[in-house]
Amino acid sequence: MTWLNLHPLTFLVFAPTVLGFLLMALPHALGKLARLLGFLGALAIFVLSLAWLLGHNPAAGGTVLAERTPWFTLVGLPVDYALAVDGLNLWLVLLTTFLVPLTMLGTWNSLKDRMGTFAALFLLLETGMLGALVAQDLFVFYLFWEAMLIPMYFMIGVWGGDERRYAANKFFLYTLSGSLLWLVALLYLANKAGGFNPALMAQAASALPFGVQGWLFIAFAVAFAIKVPLFPLHTWLPDAHVQAPTAGSVILAGVLLKLGGYGFIRFAIPMFPQAAMHYAKPIALLSVIAIVYGALVAMVQRDIKKLVAYSSVSHMGFVMLGLASMTVIGTQGAMLQMLNHGVSTGALFLLVGMLYDRAHTRMISDFGGVAVKMPIFTTFFMIVTLSSIGLPLTNGFVGEFWILNGTFLSGFTWGRLYAVLATSGVLLGAVYMLWMFMRVFWGPENKDEDSGTHHLHSDLNAREIAVMLPIVVLIVWMGVHPRTFVGASEAPVAALLQEIKAPAPRPFILAPAVREAAAPGESAGAHASEAPVSEAPAAHEVHR
Amino acid sequence: MSLTPSQWAALLPLLLPAFGACLVVLMSLDKDQGTTKWIRGAMYGTALLAVAGSFWFLTSLWKTGSQPAFFQLHMDRLAQFTGIFVAVAAALTILQSWDHFHQEGWVKGETLSLLLFSVTGMMLFASTTHFVALFLGLELFSIPLYALVGTVRARSESAEGGMKYFMTGAVASSCFLMGGVLIYGLSGTFDLAAAAGALKAQGALLDPLVMAGAALMLLGFLFKVSAVPFHQWTPDAYEASPHPIAGFMSVATKGVAFIALLRVFPGSFAPMGPVTAKVQTVLAALAVATLVLGNLTALVQSNVKRMLAYSSISHAGYLMLGFVAGTPAAYTGVLFYLVIYLAMNMGAFGLLTAFGLVGEKTTFDDLRGLGWKRPAMGFSAAVFMLSLAGIPPLGGFYGKYMIFRELVGAGHVGLAILGVLASLVSAYYYLRFLVALFLQAPSAEAERLASDRPAVHAPLAGAAVLVSAAIVLAGGLIQYALADGFAKRAIVEGLGLIR
């Protein structure tokens, strides 16, 4: 118990991996047992994360749990094994631990073979996501960020649709291209700072010429923007989403994309505040393009899953717009919108998966009159659709409203125009979602022998209802009382933005967890930034 | 003349494989070696024992920390590191050879004996800075390899590959010899460290003949590490060789050549500052060429062995970048990288044997669906390929990390960007391996052929693959132990001693 008390985060992050490897070792014939064990394990992780993370007082915005210990230097820069949960990542962590078992349950019968291996990969992916979310050292963050690719690659590539190999390779290489260039920026800055501690790196960055800061910010931003994905770096997403099995799509939309936005708020913006301010406008412009473009492309899709995929581009555009607004309300809106999108779009992918499992098609034209055959399913789909288009009292409304409000107040030259254009994205969202809904669920029943509707024989069963109910509860809860979910991030976000706009004497701005942890090392870091560039500090002392 | 115990200690790691080689040759005189199982077993057992003995002795030397010497043969930490490295590679090769040659139906003792002689030569090559001993080592490990490449006499490609390797290798060796002779002629000593000191004292560092000598010696090393433009032999030689031998060449030849390069250029030639600076410039240019050409050519290969050959060329590029960075930490990174590379590549070639791919049937199509049939091998394949591509948290990532970190720290940001772009390209062809293993179902014809053939039974090769996978995983999880406890001490205590 003492080990657990000291390392609760290590346990949360790595327990899925341990279980995953055990499941992989199970013989092929025991796939169903592996699936069950995987689900129970993921559920246990969720319960534990709720108990441990909410047991503390998250409203304060401070650190909930933290671990930090020196890890290695590899004859050079020190790397700390530093994990923490604070106001910024608390709810994203909970979203992850929530979505994993939920998705496992929701796609219980979707896979026909190698269920054990799939469950194992899913758990490995959970480790990657949780690790990246709680990492407080950039090297550790990078490790988890890259390691996430591996299980997702196999999930798309092995269990995906007809074009799965292409989609899996594209996903892998696209993401890798961003993160490898980012790695060079990371190494550059780490060499200046004498380590991978974000606080020290931020301090070192502030001492660099503005041009260099700008390049470093771009390297960070591109890596994160690919993950978001921000227009024009989004092209991997439709392929990956459409080809991935349902569970893969849910997690991809639900958590992986969030890591991009989270990367901005946790690292890119606090580490390069000046550069972030400087590039906020172009990012806002790209976000607006993503919102409108994603919505327009979604409108013309014939495949429901592809439609949802493009709606992700549009919705994540809102997240980026909120972050780029550099206002507290906009950023808080982005934080909430990330959770919203995880819940709503995750739910949409689950629902599309349920439909596909029955009808074996996802083409809108193959359906019609589904409401008659599957009333319960239609009800759930309606609720999630409304949440996705941002009806008041659902979660989507609050997030988008805050973001638009923030954009309006951002003080950009064209800020108000951006807000107006982005609002048109909300309208377009209603158009494509409701139009799709109309064609699929309403109208006369499609009696064609080959049609999807014809193959629908059963409405949702108890398991599927059990999956959807918590989602509906969340949708309403987040819409009515969003403070539950963004109360924790308010203080850190406000502190961050205040220091960006009115820089305090302290030259770096980071979330509390990082700042507290970095405090003892500050003097060493200050020394490092004064040292001439050619003498990479401390790193090579061993050899002198 | 009687030797002191310390001199014996320096010699013993080399004597054991040489002695084993002689024993195996004697055993292989038996005409029935191809048919009598116990003779084959005895030959392989002897070879394995010889290598294991050498390994055991070197590790005990490492633990005690003593660094004995036999005249110009310095069994220092770096040499011990090399010996351990080569012994592990040889042991994995011997294990894989047993299964591979049985699959090919061509088991001969000579291959083992040649392998052991090559091991002896490698240990000598990396443990001396006396030019004559260095050259002896080079030839002693190269000549058996020329023969090993052409060992499957029944296949004409094998002979062709062996011949090509021999001809080009002979030219490279002569260049190396010429370079050493020039340095000797100008300095009057065969000891490279003393020669560098003498040249510096004469103020002859930038003498064209000195530069020519250094350049010719460098050429010899670059040929052995298969850097562009001295790489053309690599794909042909690997394709011609039996799989385990190709693995051994890709790992051990490259490894000892890099270690010897380390010992000579930043090591012995340290006093020749301007020369080593020029060498670094040349290495930077050639590393760029190696990375670009190796990776782009690997993209279009359909034969796995040729892909691995070009991949091995491109890895020479990353390792050369470590020399361009030129800090002790970068050299530590090079050694760390070599250890992981040993496991990754021996493992990748071992997979071909473990999957029972014989002869020419080593295309990506021949791999299709095998990952699911043999899950442990498939898992190991994923470990090797992702590690070769440098994806964390595997060992290969940390090797690249250390080298790129030092490269950026030394101000070569452009080279680092090129390096990561090269890794990106490489990820594509390593993924192809995994695509074939996991993402593609076997073709109908392959299924039919597979059902006709007896099931593949390659327990020793499988064990070698698992050991390699364990090393790669360990390199990712306890990287600090390997880097600080092993590689760094070889650099600091080993290279420092010579310097």
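Because the model is predicted, local features need pLDDT of at least 70 and side-chain atom pairs count only at pLDDT 80 or more, whereas totals for chains, interfaces and linings use all residues. Residues are numbered from 1 along each chain as its sequence is written, chains are lettered from A and ligands numbered from 1 in the order in which they are written, and side-chain values use heavy atoms, with hydrogens and water left out.

The interface comes first. Counting contact as heavy atoms within 4.5 Å, 40 residues of chain B are in contact with 41 residues of chain A. The size of an interface is often given as the accessible area lost when the parts come together. Here the area buried between chain B and chain A (accessible area lost on being put together, 1.4 Å probe, summed over both) is about 3700 Å², and carbon and sulfur atoms give 80% of that. On the chain B side, Trp372(B), Tyr401(B) and Leu439(B) lose the most area to chain A, together 19% of what that side buries.

Between chain B and chain A there are zero salt bridges, a salt bridge being a side-chain nitrogen of Lys or Arg within 4 Å of a carboxyl oxygen of Asp or Glu. Helices here are DSSP runs (H or I, at least four residues), numbered from the N terminus. Those that give two or more residues to the side of chain B that touches chain A are α13 (328-354), α15 (375-388), α16 (395-409), α17 (413-439) and α20 (479-498) of chain B. The most comes from α17(B), with 14 residues. By class, this side has 31 nonpolar residues (Ala, Val, Leu, Ile, Met, Phe, Trp, Tyr, Cys and Pro), four charged ones (Asp, Glu, Lys and Arg) and five polar ones (the others, Gly among them).

Glu493(B) lies in helix α20 of chain B and Arg77(B) in helix α3 (residues 77-104) of chain B, so the pair ties together parts that are 416 residues apart in sequence. Relative accessible area is sorted with a 1.4 Å probe on protein chains only: under 20% is buried, over 50% exposed, and in between partly exposed. Arg77(B) is buried at 2%, while Glu493(B) is partly exposed at 29%. Also in chain B, Glu160(B), Lys164(B), Asp236(B), Glu239(B) and Arg306(B) are linked in a network of salt bridges.

In chain A, the side chains of Arg362(A) and Asp303(A) meet in a salt bridge at 3.3 Å, N to O. Arg362(A) is in the loop between α15 (328-359) and α16 (370-373), and Asp303(A) is in the loop between α13 (273-299) and α14 (304-324), 59 residues apart. Arg362(A) is buried, with a relative accessible area of 17%, and so is Asp303(A), with 8%. Arg302(A), also in the loop between α13 and α14 of chain A, is exposed at 66%. Leaving out residues up to four places away in sequence, Arg302(A) touches Arg362(A), Met363(A) and Ile364(A).

Asp137(A) lies in the loop between α5 (115-134) and α6 (138-147) of chain A.

Terms used:
Buried area is the accessible area (1.4 Å probe) that two parts lose on being put together, summed over both.
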